[in-house]
Amino acid sequence: MSTTSATDSSILQCIKDETLAMTALATLLKSEQDALVDDNLHTLNEVVASKTELVRKINELERLRLSCLSNAGYEQTPDGMEQHLNASPAEARLAWQELLSISEKAKEFNHTNGLLISRKLSQNQAALGVFQQGSATAALYGPNGQSSIQAMPVKGVIVR
């Protein structure tokens, strides 16, 4: 196998590995979406930990692909990737299109999740506003997490 063929094969393998990782991320983002809709905090906590690890892995795979691209004599840019794909077998272009497609799906899930989180935050802030309305102290809790409502001592009342 020539060096060029080995490099092409390495880039193709990087694309396939990225696609697997991105597919896992899209699935995880869909789970996050379902958990947000269902108010499932347990699942949300699990998703956050897994999502962080997957994003780290995807970034690592992207760096590896870009390094392979550079080793093949192409720039580490979208244009460089396009030039590589134009000089590669059709399998590489199909794999790249699959990666871009699943990446777009993950991006859409992430956007929707952001909207859901913003909505829930607004709802929570509105609920807190209801609690704070009409209160002389305006805030139920201080910065230390303790109640800011103080009990007033009563003087001069004798109860028999």
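Good morning. A salt bridge here is a side-chain nitrogen of Lys or Arg within 4 Å of a carboxyl oxygen of Asp or Glu. Helices are DSSP runs of H or I with at least four residues, strands are runs of E with at least two, and both are numbered from the N terminus.

A word on the basis of these values. The model is predicted, so local features need pLDDT of at least 70 and side-chain atom pairs count only at pLDDT 80 or more, while totals for chains, interfaces and linings use all residues. Residues are numbered from 1 along each chain as its sequence is written, and side-chain values use heavy atoms, with hydrogens and water left out.

Next, accessibility for the opening pair. Buried denotes under 20% relative accessible area, exposed over 50%, and partly exposed the range in between, with a 1.4 Å probe and protein chains only. K120 is partly exposed, at 23% relative accessibility, whereas D39 is exposed, at 52%.

How many salt bridges are there by this rule? The count comes to eight. Another of them pairs E32 with K51, whose closest N and O atoms are 2.8 Å apart. Since E32 lies in helix α1 (residues 3-38) and K51 in helix α2 (residues 41-71), this pair ties together parts that are 19 residues apart in sequence. Is E32 buried or exposed? E32 is buried, with a relative accessible area of 5%.

I turn now to a contact inside one helix. E60 and R56 are joined by a salt bridge between their side chains, at 2.8 Å from N to O. The two residues are separated by about one helical turn, because they are four residues apart in helix α2. Both E60, at 42% relative accessibility, and R56, at 41%, count as partly exposed. Through salt bridges with shared partners, E53, R56 and E60 are joined into one network.

Finally, I return to helix α4, which spans residues 90-132 and contains K107. K107 is exposed, with a relative accessible area of 56%. The C-alpha atoms of K107 and L29 are separated by 9.1 Å, and these residues are 78 apart along the chain.

Thank you.
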